[in-house]
Amino acid sequence: MSLVIFLGLLMFGITGFIHFQVIHRTHQWLKSTSFGKTRKLVIGLYAAAIAHISEAGLYAIAFVAGSSAGLGGFKPTDISSMEIFYFSLVNYTSLGLGDIFPTGHLRFLAGIESLNGFLLISCSASLIFILMTETETSPA
């Protein structure tokens, strides 16, 4: 159990760090450009989406590693790596469809991912809000 707790906390920290870097750097860069509000918004949306998909991918890798380490598995048992990525993406968004689900201690990692995804999606929402409400100014 301690291994999956460590893995969950590690993933929480890594994905949080990545997300902060992407959101912060995107915002700083967009503030320095002369792009219009719509273009900035679209770039912000894509940056956030790429960050989220990458973070869900990292969790998918953690699920595979945890499964290989004997921390649990998945039902159904004969799923591909793409299906594990699909599970991770669905779980990250807190949607949790339930057609694929973890067993054993990997359930703890799934809970951590869902909480982490919710928090990071909220961070992305704040970036989008900022981009939508910032007044347009020309760069200095």
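Tutor: Patches are made of residues with over 30% relative accessible area and no salt bridge, and nonpolar side chains are joined within 5 Å. Please keep in mind that this is a predicted model.

Student: Which residues make the nonpolar surface patch, then?

Tutor: The nonpolar patch is made by M1, I5, L9 and F108, and its area is about 360 Å².

Student: Where does L9 sit, and is L9 buried or exposed?

Tutor: L9 belongs to helix α1, which covers residues 2–31, and L9 counts as exposed because its relative accessibility is 57%, where the cut-off for exposed is over 50%.

Student: Switching to the rings, how many aromatic pairs are there?

Tutor: The structure holds 4 aromatic pairs. One of them joins W29 and F35 in an edge-to-face arrangement, with 5.6 Å centre to centre and 75 degrees between the planes.

Student: How exposed are W29 and F35?

Tutor: W29 is partly exposed, with a relative accessible area of 43%, and F35 also counts as partly exposed, at 24% relative accessibility.

Student: What about F74 and F87?

Tutor: F74 and F87 form an edge-to-face pair as well, at 5.3 Å centre to centre and with 70 degrees between the planes. F74 lies in strand β1 (residues 74–75) while F87 lies in helix α3 (residues 81–92), so this pair ties together parts that are 13 residues apart in sequence.

Student: Are those two buried or exposed?

Tutor: Both F74 and F87 are buried.

Student: And which residues do ring pairs link into a cluster?

Tutor: Ring pairs link F63, F74 and F87 into a cluster.

Terms used:
Residues numbered from 1 in each chain as written. Predicted model: local features only at pLDDT ≥ 70, side-chain atom pairs only at ≥ 80, totals over all residues. Heavy atoms only, no water. Phe/Tyr/Trp six-rings, centres within 6.5 Å; stacked < 30°, edge-to-face > 60°. Buried < 20%, exposed > 50% of the residue type's maximum accessible area, 1.4 Å probe, protein only. Helix = DSSP H or I, 4+ residues; strand = E, 2+ residues; numbered from the N terminus. Patch = residues over 30% accessible without salt bridge, like charges linked within 9 Å, V, L, I, M, F, W, Y side chains within 5 Å. Areas by Shrake-Rupley, 256 points an atom, 1.4 Å probe, with all protein chains shown as cover. Salt bridge = Lys/Arg side-chain N within 4 Å of Asp/Glu carboxyl O.
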